[in-house]
Amino acid sequence: MRRPILAGLAVAALAASAAVSRAANTPEAVARRIETPPALDGSVLDDPAWQAAPPISDFWQTTPIEGAAASERTEVRILYSADTLYFGVVCYDREPDRIIVSESRRDASLEAGDSFMIVIDTFRDRQNGFVFGTNPAGIEYDGQVVREGQGGNGGQGGAGGGFNLNWDAAWEVKAKAGEFGWSAEFAIPFKTLRYAKGGAQTWGLNFQRNVRRHNETAYWSPLPRQYSLFHVSAAGTLTGVEVESQRNLKLAPYALGQARRASQGESGTRWKGDLGGDLKYSLSPSLTIDATVNTDFAQVEVDEQQVNLDRFNLFFPEKRPFFLENAGQFTAGSPSEVELFFSRRIGIGPQGERVPILGGGRLSGKLWGANVGVLEMQTRAADGVAPANNFAVVRASRELGNRSGFGALFVNREATGEASAPQDRNRTWGLDGRWGLGRYGLVSGFLARTSTPGITSDDAAFQLSASWGSPEWDLSAKYTEVGSGFNPEVGFLSREGGFRKPEAMVLRSKRMNGTLGLHEIRPHVSYRGHWSPDGFQQSGFLHVDNHWEWRNGYEVHTAVNFSREGLQQPFEIYPGVVVPPGTYDHQEVQIVGITNQGAPLSLDATVLVGGFFGGRRLSLRPAVKARSGQSLNAELRWDRNQVELPAGSFTTNLIRARLSYSFSTRAFVQALVQYNDRADLSSVNLRLGWLQTANSGLFVVFNETRNTEGAVRSDRSLIVKFSRLLDLLD
């Protein structure tokens, strides 16, 4: 029994050693110029146009065996014409009947099935890039990488940028499956990308292939296991592309019709029609102007409801396409905690009310080697919510070598119109930077100050952090301080009134090489604490955990949490239940279980049991996901809290159900049903989409919100919106 284990350890050690050697010499690829483009149907093997380019075929695993050759052969060919970059991909598979296709909807996650992704670092700054991906169904998946994905994922539009999945570009991909496996053809217009002035280009490039049944991830330019495709500093090189500056002028007009029955006290149905649109113009291959008039986001999915069992602000991510495009150019601060600029402050009221946007514009891209972003927006007055406001944001940053860089930010909000109060304005200034130390170290931070009439002191905030992320160790330490008068009205603060927050984490990743079926264990400990400016401890949280991950995709997390909550004022945690002032020290056990997310039926659940504000809490968060083929996907989540406190007991339930059916890669219907008894709300959001390209097309949206008794209608609307992307210089 010991010999196979020892042999496996030896193979893994040799593979890891070889991976280090390969990583020191990143691969190179050459694109070939063609006059006649390939027929875009996914048939790479049958199209003679692809024979002009030599195949790229060496891919290397990060999981399950770091540094080992990929289990299945992959070939990539690269071509380009006067206006388009082409990638031809053949994903050979010796068991084509076991290929997993999870979804066929645009921008659907590629992690749960077989897939292929490309990252292109067009400025070769080794920190930013464009991502394009697909699966055997031929979906279009695209996004922007900012600062190698540091600061977040999923495109939430928060500070730090990370990865912006909500960036939608005009490009095409077709895929085809067969006895050989599956293949795909990508056609990416140069005007979709941003790059240096026309002529010979040298770009960063990497490819990622997922073979889901093996839980395998492999890259063309090998990466240490702690990194993802977003780690563009380790990307290979693409040469041979010689492209002139592309003229780019796109117009996306929309027409909208809406029928709405509003809140109680109003009778009848209100009808509304509207027109507006967006304009995109490239001043140069690296600098773009976007303009918007009478901006509307009716097609965007509604916010996911949350249950708030503390006294701090909830964070809701940005979902509106205009603000998400190039969002990384404008981010600064600490994600979801101290956001110096948060675009949801524009056009959305304090309680989620819609504030009409008259229009605005954005300049973003690179100028003289620096990243620049200028945003100007004007809103109309919303009765009882907000006066008309003008918003201006200016951001400049520059990348340096070895993941380093620095930047500055200015944000201004000023009320406009005759009804506006005098001196109704707010301003934020900020500086931020990061310094890469060696291969794994990074020091970063920011310094900011706000200006608000009537606030003259303690209006600054800063953060300093250091991290070290090697294949085996992830170490970090951070200190944040926010003054009591710091007031970024066009930003986000999780805690008002100021705080001081130290935090640290130590994590060890150990590959188990199949021992007991395990892939990896990740023991770790972390701490964060908050103190008010007067030295009173508001909260503390010590987390001791270990993640057990098996090769079959299952995971179990076993943790113990030690918490402290300090209250200087009483607060109502639930209607009629008040927590008195005091300091509450508690312990709790946390268990997380996750099954293979690539299976047709998958589960995950979190259980928390322990003390809570002088009493006890049992928190259950089960979820089930199911899919049928590549078209039908369903998800059901339940967040339940049973709380027993000296002042009373209560139970909260938040249920969220999603259903998605894709008629094709560009036509879908989605439903989101939510029930929240803490907020006395139930809601339905139903969306039918028929996409032309990117985020344009026909959308039919039905929304309804009721109180939990169901007797009183809070809001019901039916919206039909049609937009079309017009290339005026095509």
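Contact here means heavy atoms within 4.5 Å. The model is predicted.

**Around Arg522**

By that cut-off, Arg522 touches Leu507, Arg508, Ser509, Asp545, Asn546, His547, Glu549 and Glu555, leaving out residues up to four places away in sequence. Arg522 belongs to strand S31, residues 518-531. Is Arg522 buried or exposed? Its relative accessible area is 14%, and buried means under 20%, so Arg522 is buried. Two of its neighbours also make polar contacts with it. The side chain of Arg522 meets the side chain of Glu549 at 2.8 Å. A second polar contact, of 3.2 Å, runs between the side chains of Arg522 and Glu555.

Strand S32 covers residues 537-550, and strand S33 covers residues 555-567. The two pair in the antiparallel sense over eleven bridges. Asn546, a contact of Arg522, stands opposite Thr558 in S33. Four residues lie between the strands of this hairpin. Gly553 takes a positive phi there, near 95°.

S33 also pairs with strand S36, residues 582-594. The sense is again antiparallel, over 13 bridges. Ser563 has His586 as its bridge partner in S36.

An open sheet holds five strands in the order S2-S4-S5-S11-S10. Its pairing is mixed. Which strands form the edges? They are S2 (32-33) and S10, each of which pairs on one side only. S10 is joined to S11 by seven bridges, and the two run antiparallel. Glu172 has Ala187 as its bridge partner in S11.

Val173 is found in S10, residues 172-178. Its relative accessibility is 4%, so Val173 counts as buried. Apart from residues up to four places away in sequence, Val173 touches Thr134, Gly138, Ile139, Glu140, Ala184, Glu185 and Phe186. Pro471 is 298 residues from Val173 in sequence. In space, the C-alpha atoms of Val173 and Pro471 are 34 Å apart.

**Nonpolar cores**

The largest nonpolar core has 56 residues. Which of them touch the most other members? They are Ile78, Phe87, Phe116, Phe186, Leu205 and Phe207. Strand S6, residues 115-121, gives the most to this core, with five residues.

Neighbours within four places in sequence aside, Ile78 is in contact with Ala29, Val30, Ala31, Arg32, Ala53, Ile56, Leu85, Tyr86, Phe87, Leu205, Phe207 and Leu238. A second core is separate and has 25 residues, including Phe391, Phe446, Ala448 and Leu493.

**Aromatic rings**

How many aromatic pairs does a search of the whole structure find? It finds 31. A pair of rings is described by the distance of the centres and the angle of the planes.

| Pair | Centre distance | Plane angle | Class |
|---|---|---|---|
| Phe190 and Trp203 | 6.4 Å | 65° | edge-to-face |
| Tyr195 and Trp203 | 6.0 Å | 45° | tilted |

Why is Phe190 with Trp203 edge-to-face? Their planes are at 65°, and angles over 60 degrees count as edge-to-face. The planes of Tyr195 and Trp203 are at 45°, so that pair is tilted.

The pair of Phe190 and Trp203 links distant parts of the chain, 13 residues apart. Phe190 sits in the loop between strand S11 (181-189) and strand S12 (199-211), while Trp203 is in S12 itself. Phe190 is buried, at 0% relative accessible area. Trp203 counts as buried too, at 1%. Tyr195 is buried with a value of 1%.

Elsewhere, one aromatic cluster is formed by Phe59, Phe87, Phe116, Phe130, Phe132, Trp167, Trp171, Phe186, Phe207 and Trp220. Phe186 in this cluster is also touched by Val173.

**Charges over rings**

Arg495 lies over the face of Phe312, at 3.7 Å from the ring centre. Lys721 lies over the face of Tyr254, at 4.8 Å from the ring centre.

Note on methods: Residues numbered from 1 in each chain as written. Predicted model: local features only at pLDDT ≥ 70, side-chain atom pairs only at ≥ 80, totals over all residues. Heavy atoms only, no water. Phe/Tyr/Trp six-rings, centres within 6.5 Å; stacked < 30°, edge-to-face > 60°. Buried < 20%, exposed > 50% of the residue type's maximum accessible area, 1.4 Å probe, protein only. Lys NZ or Arg CZ within 6 Å of the ring centre and 35° of its normal. Polar contact = N/O pair within 3.5 Å; in protein donor to acceptor, adjacent residues only side chain to side chain. Pairing = 2+ DSSP bridges. Core = buried A, V, L, I, M, F, W, Y, C linked by side-chain atoms within 4.5 Å.
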